[in-house]
Amino acid sequence: MGTTSSGPVDRIERDRLTASRILASGLDRTGRLDAVLALGVQDRDGGAALALAARHPEPPLVGAPDAASPLALAWTLRGTPHVHPRADLQRVADALWPGSEAAATAVLAGSGKALAAQGTGALDALRAVADTMRRLVTRPMPKAEVSTALTVTLPARYVAFCTPCGTDHVPELLFRCAALPAGLGLVPGQKATLQPFGTVSVPAAPAGTGGLVEAFLDLYGAATKAEVAAHLGTRPGDLTWPDTRTVVVDGERLQTTPDRRDRIAATDPAAVADLVRLLPPGDPLLQPRTRSLIVPDKAHWKALWPALGPAGAVLAGGEVAGTWRPKTQGRTLTLTVTPFRPLTAGQRRALDAEADRVRRVRGMAAAAVVIAA
C-alpha cells in the first residue's frame, strides 16, 4: 500500500507547483496529451474538446463507441463522462472496479445507501446491472430507454424509488458506474446515448488501481490522499498508494514521491509566464480539491466554482487570472472575460487568438472577446 513519511518536510513554492502542473498537462501546446489522457479528461457539456484544443494544435477527435478514432467517451471517474484513449478502457474499468462490499457502497454513494436500506449488496448490484445492460444494449439507445428496460428486466431488489423522478428505477450512480463494465460508451454530441464498445468486459476483481493514483501524481505532482480518492470516487483507504514524502505548499501538506518532488523543484515558473489559454469548466488544471493552490484568493472561488453553471478559467501569467463565459447569437460566439487582475495588452491580444480556437471547436462563424469591468 505504500508509506507516507513523517519526518522533516520540504517546502515548495506554489508557483513552481502550478508551473509543473501546467507543463505536465500539456498547456504549453507542444502536443503532449499523455498525462491528461492517462487519467481521463472530464467532458462537462462538451468541454473535453476545448480542454484538448487548449493543449494540442490538432487534437484527435473523440469518436462514437463503434468508431475507429483513438479517443472515446464513457462514464468513468465518479460516474461522470470522461474522454479516454480507446485502448485504455478495459484498464480503466478494471482499476475502478471496487474490491469489497464496503468499497462498492462508497463508490455508489447515495445509490449504495439506497440499495443497502432494502438489503441489497452494492457489489452484487453493480455486477448484476452491468451484466444486464450488456445484454440489453446492442445498438445506440437513449439513457431513458435503457433505464426503462432495466427496470422491467431486473429483480426488484436492484431498483429503488427516485424522489425527483417520482418513480422506481435503477439508482442513478449505479446505472452510470455499471455502464463501462457493461462495455457501453457514450455517443459524443448526443444527449446521454449509450452504445456498445464490444471490447470491455465486466472485471472479475479490481486491477491496476495504483496506476490511476500514479497518473494523478504524474499530472499534479503532489496531492493529499483525500483529494486523489475523491477524484477517483473512492475512499482513501482503498487506494494503492506509493511510498511518499510530505511537502508543504503555501501551508498545505501534500504527498509526493522524491522524483516528482525534484521535478517540481526544477520547474521554472518563467517557462509558463507568457502562456494565455481559455480553459473550459472542469478542465484538468482545475480538478484538484485543494483549491487554495489553484486560486489563492478565496474571494474568487465563488466566481470560478459557483454552485450552478461553472465558469471557464483564463490562464495568464502562470496563474488562473480570471473567468470566461460564452454566449451565442446566431453563429457568433461572444466570450465575456472577467479578470481577477488587470490583463496586459499582450494578454488581451492572445485572448482573441484563443477565442478563435474556441470558435472553431464549437463550429461558430465568428468570435469576439468582451473584457468585463
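The model is predicted. The protein has 13 helices and 17 strands. Of its 373 residues, 51% count as buried.

**Overall build**

- A compact globule with 373 residues would have a radius of gyration near 21 Å. The protein has 21 Å, so the value agrees with that of a compact globule.
- The C-alpha trace spans about 65 × 60 × 40 Å along its principal axes.
- The accessible surface comes to about 15900 Å². Carbon and sulfur atoms hold 55% of that surface.
- Take the contacts between residues at least 6 apart in sequence: 64% of them join residues at least 24 apart.

**Helix H8: a covered helix**

- Helix H8 runs over residues 172-179 and is mostly covered. Six of its eight residues are buried.
- The buried residues of H8 are Leu173, Leu174, Phe175, Cys177, Ala178 and Ala179.

**Helices H9 and H10: a packed pair**

- Helix H9 spans residues 209-220, and helix H10 spans residues 225-232.
- The two helices pack at an angle of about 115°. Their axes are 11 Å apart.
- The crossing of H9 and H10 is right-handed.
- H9 brings Leu212, Val213 and Phe216 to the contact. H10 brings Glu227, Val228, His231 and Leu232.
- The residues of this contact divide into five nonpolar, one polar and one charged.
- An α-helix has 3.6 residues a turn, so residues three or four places apart point the same way.

**Proline 310: a loop residue**

- Where does proline 310 lie? Proline 310 sits in the loop between helix H12 (301-304) and strand E14 (312-316).
- Is proline 310 buried, exposed or partly exposed? Its relative accessible area is 30%; buried means under 20% and exposed means over 50%, so proline 310 is partly exposed.
- Leaving aside neighbours within four places in sequence, proline 310 is in contact with Arg44, Pro281, Leu304 and Arg325.
- Proline 310 and tryptophan 241 are 69 residues apart in sequence. In space, they are 31 Å apart, C-alpha to C-alpha.

Definitions and conventions: Residues numbered from 1 in each chain as written. Predicted model: local features only at pLDDT ≥ 70, side-chain atom pairs only at ≥ 80, totals over all residues. Heavy atoms only, no water. Axes fitted to C-alpha atoms, helices over the stretch in contact; angles between N-to-C directions. Helix = DSSP H or I, 4+ residues; strand = E, 2+ residues; numbered from the N terminus. Left-handed = near helix turned anticlockwise from the far one by under 90°. Contact = heavy atoms within 4.5 Å. Nonpolar A, V, L, I, M, F, W, Y, C, P; charged D, E, K, R; others polar. Rg over C-alpha atoms; globule rule 2.2 N^0.38 Å. Buried < 20%, exposed > 50% of the residue type's maximum accessible area, 1.4 Å probe, protein only. Areas by Shrake-Rupley, 256 points an atom, 1.4 Å probe, with all protein chains shown as cover.
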